[in-house]
Amino acid sequence: MGLTPTELGHISELAIQKHILSMGMNVFVPIADVNQVDLLVEIDEGLFSRVQVKGIFSVDRNETSIAIKLKKYSANKVDVIAVYYNCDGKEIIAFLPYFGEDNFQLAISNAKNNQVEGRKWIYAYSDFPKFLANKKKYK
């Protein structure tokens with residue numbers, strides 16, 4: 001029996017939390033699953049980013065990119081999309097600044113037609129975005 005979507009979601013959130021902590025930032029977890037926020041990350045003293053976590057645990061063998069669908073989220077509530085990719089023995093974490101896009105397409109390997117232009121590589125988003133978008137300082 002495989003893991004449930006809820007269990008996979010928890011695995012993704014824990015992996016992202018561990019990674020953020022290893023980067024030297026504080027992570028806070030909301031008690032209730034509301035407002036589209038899975039984590040709050042303190043990027044500076046009293047300065048927080050709201051994070052939505054997405055886990056990818058399977059892709060078709062022929063796929064060279066992954067699609068992350070975000071239509072139900074709002075840039076007024078989410079600042080960063082954290083992606084936990086765990087497929088075929090690869091474990092990758094990416095942090096995408098979020099400005100209300102409906103989806104992201106991230107390359108995970110070379111395209112079959114060798115297309116390079118216009119591809120967003122998942123590896124390019126390994127740093128947590130520390131710039132301010134819709135953030136306020138809390139004291």
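Which residue forms a salt bridge with aspartate 79? The partner is arginine 50, with the closest N and O atoms 2.8 Å apart.

## Basis of the model

This is a predicted model, in which local features need pLDDT of at least 70 and side-chain atom pairs count only at pLDDT 80 or more, while totals for chains, interfaces and linings use all residues. Residues are numbered from 1 along each chain as its sequence is written, and side-chain values use heavy atoms, with hydrogens and water left out.

## The salt bridge

The structure holds one salt bridge, defined as a side-chain nitrogen of Lys or Arg within 4 Å of a carboxyl oxygen of Asp or Glu. Aspartate 79 lies in the loop between β4 (65–69) and β5, and arginine 50 in strand β3 (residues 47–56), so the pair ties together parts that are 29 residues apart in sequence. Strands (E, at least two residues) are DSSP runs numbered from the N terminus.

Both partners are buried, a term that means under 20% relative accessible area with a 1.4 Å probe and protein chains only; exposed means over 50%, and partly exposed lies in between. Aspartate 79 has 3% relative accessibility, and arginine 50 has a relative accessible area of 19%.

## The sheet

Five strands form an open sheet of mixed pairing, in the order β1-β2-β3-β5-β6. β1 and β6 stand at the edges with a single partner strand each, so one side of each has no neighbour in the sheet. Neighbouring strands are turned by 30° against each other on average, direction ignored; the axes are lines fitted to C-alpha atoms, and angles between N-to-C directions run from 0 to 180 degrees.

Strands count as paired if DSSP finds at least two bridges between them. β5 and β6 run antiparallel and are joined by eight bridges. Tyrosine 84 has isoleucine 93 in β6 as its bridge partner.

## Loops with positive phi

Aspartate 88, in the loop between β5 (80–87) and β6 (90–97), has a positive phi of about 50° although it is not a glycine. Aspartate 88 is exposed, at 55% relative accessible area. Glutamine 36, also not a glycine, has a positive phi of about 65° and lies in the loop between β1 (26–28) and β2 (39–44).

## Arginine 119

Arginine 119 lies in the segment after β7 (103–107). Arginine 119 is buried but has no salt bridge, and the nearest side chain of opposite charge, glutamate 63, is 8.6 Å away. The side chain of arginine 119 reaches the backbone oxygen of serine 109 at 2.7 Å, and a polar atom of that side chain lies 3.2 Å from the backbone oxygen of threonine 64.

Conventions
Helices (H or I, at least four residues) and strands (E, at least two) are DSSP runs, numbered from the N terminus. Lys and Arg count as positive and Asp and Glu as negative; His and the chain ends are not counted. A polar contact is a pair of N or O atoms within 3.5 Å; within protein, one must be able to donate a hydrogen and the other to accept it, and residues adjacent in sequence count only if both atoms are side-chain atoms.
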